[in-house]
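Good morning, and thank you for coming. Please look at the sequence and the structure as they are shown.

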Amino acid sequence: RRGIVAVFSDFFDDSEAIVEGLRRLVHGGHEPILFQVVDPLELTFAIERLVRLDGLEASGTRKIDPKAIRAAYLQEIQAHNRTLARHASSLGIDFVQLDTSQAVDALLSTYLARRSLRARGGRR
């Protein structure tokens, strides 16, 4: 059956693989909506002291000086998100960022109200 597919993820993965999956969903007649769930710290990298990062999927542990990599990290995360947003837009897919410091019900209500307005021919 065809339907709306809500995908909740941080989308911190290979953007080409993500886009290929989205293309398959769209080709199958589905309407994906991407909800990127992020902690504000992931977007600002506002860490001031040395920190130990535990990698996912057995990638190990690293101690880092966040000040030394902040600019490069922010550049990469912003480029990644712009790429995903651009591909989503080209496929007619909504890409919504959900900040974990805010109430999810308020964020989703705002998104759904804007979507409803847009469907009736209003502005975003």
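Predicted model: local features only at pLDDT ≥ 70, side-chain atom pairs only at ≥ 80, totals over all residues.

Residues are numbered from 1 along each chain as its sequence is written, and side-chain values use heavy atoms, with hydrogens and water left out.

The largest nonpolar core has eight residues: Phe11, Ile18, Val19, Leu22, Leu34, Leu84, Ala88 and Ile93. Such a core is a set of buried Ala, Val, Leu, Ile, Met, Phe, Trp, Tyr and Cys residues joined through side-chain atoms within 4.5 Å; buried means under 20% relative accessible area, with a 1.4 Å probe and protein chains only. Two or more residues each come from helix H1 (15–27) and helix H3 (66–90), helices being DSSP runs of H or I with at least four residues, and strands runs of E with at least two, numbered from the N terminus. H1 gives the largest share, three residues. Apart from this core lies another, of six residues, including Ile33 and Tyr111.

Now to H3. Its 25 residues should span 36 Å at 1.5 Å a residue, and its end C-alpha atoms are 34 Å apart, which agrees; the expected span is 1.5 Å times one less than the number of residues. Among the buried residues of H3 are Leu74, His80 and Leu84. The buried residues of H3 pack against H1, strand E2 (31–38) and strand E5 (94–99), among others. After H3 comes Gly92, with a positive phi near 75 degrees.

Definitions and conventions: Buried < 20%, exposed > 50% of the residue type's maximum accessible area, 1.4 Å probe, protein only. Contact = heavy atoms within 4.5 Å.
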